[in-house]
Amino acid sequence: DTFSALRSIRQARGSEGRLLRRLRAYLREESARLRRLSRFYEKVRALHQDPGASVDNPLLAFSLIKRLSSDWPSVIYSSEATENSRALHAGFQELQRELPGAEDLDGAARALMRLQDVYALSVKGMANGLFQHTSTDRPPLYSPGRRVAYDTGDYYHSIAWLEEAVSRFRLSYGSWNPEEERGSLEDALDYLAFSYFMAGNISHALTLSREFLHYDPSNQRVTRNVAKYEKMLAAGGDRAGRPLQRPNATQLQNRDAYEELCQGLGTQMAPEQPSHLGCSYETNGSPFLLLQPAKKETLRLQPYIVLYHDFVSDAEAETIKGLAGPWLQRSVVASGEKQQKAEYRISKSAWLKDTADPVVRALELRMAAVTGLDLRPPYAEYLQVVNYGLGGHYEPHFDHATSRKSPLYRMKSGNRIATVMIYVSPHFGLREIRVDSSRVQSERGWRGLSAVEAGGSTAFIYANVSVPVVKNAALFWWNLRRNGDGDGDTLHAGCPVLAGDKWGE
Ligand SMILES: O=C(O)CCC(=O)C(=O)O
Ligand SMILES: [Fe+2]
């Protein structure tokens, strides 16, 4: 799929570039064809308007007969137009395999709804930020949340998106070109009324349906609905006062804590033992680190979470991304004894052996030196390189296996003692997107450099730490306690990526 990694989204942009070139070629051919047709038309018309060009003239009579018996049929029955559109179709079909499909459209819409939820963004702000570059007062007809939310019976989201659509339509009614758009104020009113009806808010459904009839008085179905709603209201069937419940699609138990951490509200230092937290240079008694000690920032002692700054160089980061790029596949999670893709982990990943490149080997040696762990086979897994896409995330989970059935145990390495995660890409490309919300607001991009507000932090739910994406830094934590049991305090998540590009290893 396309939406699950930024790299694939970039490739999709490349595909559209190729489509554009094909359309340009088609337009060129068709314009030339029409120009030729016009020339023929003008030529014949000129003959008809010329009083001197009488068919008494044998030569002109001959050319009339030739035109009618030969030129006109070949003009009328020319296959040029068909050939041009056949070439256009063939060009499209050639690319079709690599174009996003229905699954991508759904995934992308769900990603936007997720961002809206996790970062408490307003639909208005998102619609402004995302659609602004075309025109500010154009209704967000293709509002992503709207269709998917509505189709899945998620009225909490569909109402928010439809309200925005209706208010934009009302503002611009009559002033946009309907040929360019799909949908209308009536459509939006119709869907919105039904969403309110389904959510139990009958009086709102009634008001909107009446507004609909104002534009389309002869609609029988809506007329019947109005009568039905009036009857229901008279019988006292309104739930207008109740707030809409957000569907807990993901069944997240710690949703509030998770979202607060993602929003950057939980990064305060632990009150316990603050003097042990902070920054230091570490050599770990390792010859590797004598000349260039690790820059360690201790974030928590229990569970032990540290961040090594400048762990890789920009060049190494680029090499890793380049090596992994062609191998990226939708990330999977353990599900019983199997591995499969899941809504709660959306990204693409690839595995790199240390034999793939000297850079990978050097990284493994550095990780071993810093952590003091033996990372030689079979003790460590291969390097997993992850690229997140639109709203990509990894909801709260443990890296260690919590069940004996886990596929982890089939590998000889046993359970995952520790995780090292290197952020190889900053959040960049934020400048075009403006999100209007109380939390995230900026003229040129996101506030500060920490990128916390740009999303994509790694959040430790119980430890109450959220680690922003610090480019080239490595995050380390122990998953297991000394006795080998899983440490329940390590529950952690990759927050949805709001904007930019998040790669980790
Ligand atoms: O991307 C992140 O911040 C977390 C990723 C993670 O937890 C994992 O890959 O296991
Ligand atoms: Fe994890």
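**Exercise 1. Find which residue stands opposite Tyr 394 in E15.**

Solution. Start with the strands, which are DSSP runs of E with at least two residues, numbered, like the helices (H or I, at least four residues), from the N terminus. Strand E10 covers residues 393-397 and strand E15 covers residues 492-494; they run antiparallel and are joined by two bridges. Two strands pair if DSSP finds at least two bridges between them. Now look across from Tyr 394: the residue opposite is Gly 494 in E15.

Before going on, please note that this is a predicted model, in which local features need pLDDT of at least 70, side-chain atom pairs count only at pLDDT 80 or more, and totals for chains, interfaces and linings use all residues. Residues are numbered from 1 along each chain as its sequence is written, while chains are lettered from A and ligands numbered from 1 in the order in which they are written.

**Exercise 2. List the residues around ligand 1 and sort them by type.**

Solution. A residue counts as near a molecule or strand if its C-beta atom, placed from the backbone, lies within 6 Å of it. Around ligand 1 you will find Val 386, Tyr 394, Asp 399, Thr 458, His 492, Gly 494 and Gly 504. For sorting, Ala, Val, Leu, Ile, Met, Phe, Trp, Tyr, Cys and Pro are nonpolar, Asp, Glu, Lys and Arg are charged, and the others, Gly among them, are polar. This shell has two nonpolar, four polar and one charged.

**Exercise 3. Decide whether Tyr 281 is buried or exposed.**

Solution. First locate Tyr 281: it lies in strand E1 (residues 278-282). Next, apply the rule: buried means 20 or more other C-beta atoms within 10 Å of a residue's own, exposed means 12 or fewer, and partly exposed is in between, with C-beta atoms placed from the backbone. Tyr 281 counts as exposed because it has 10 C-beta neighbours inside 10 Å. Then look for its partners, where contact means C-beta atoms, placed from the backbone, within 7 Å. Leaving aside neighbours within four places in sequence, Tyr 281 is in contact with Pro 293 and Lys 295. Finally, consider the whole chain: 33% of its 505 residues count as buried.

Terms used: Contact = placed C-beta atoms within 7 Å.
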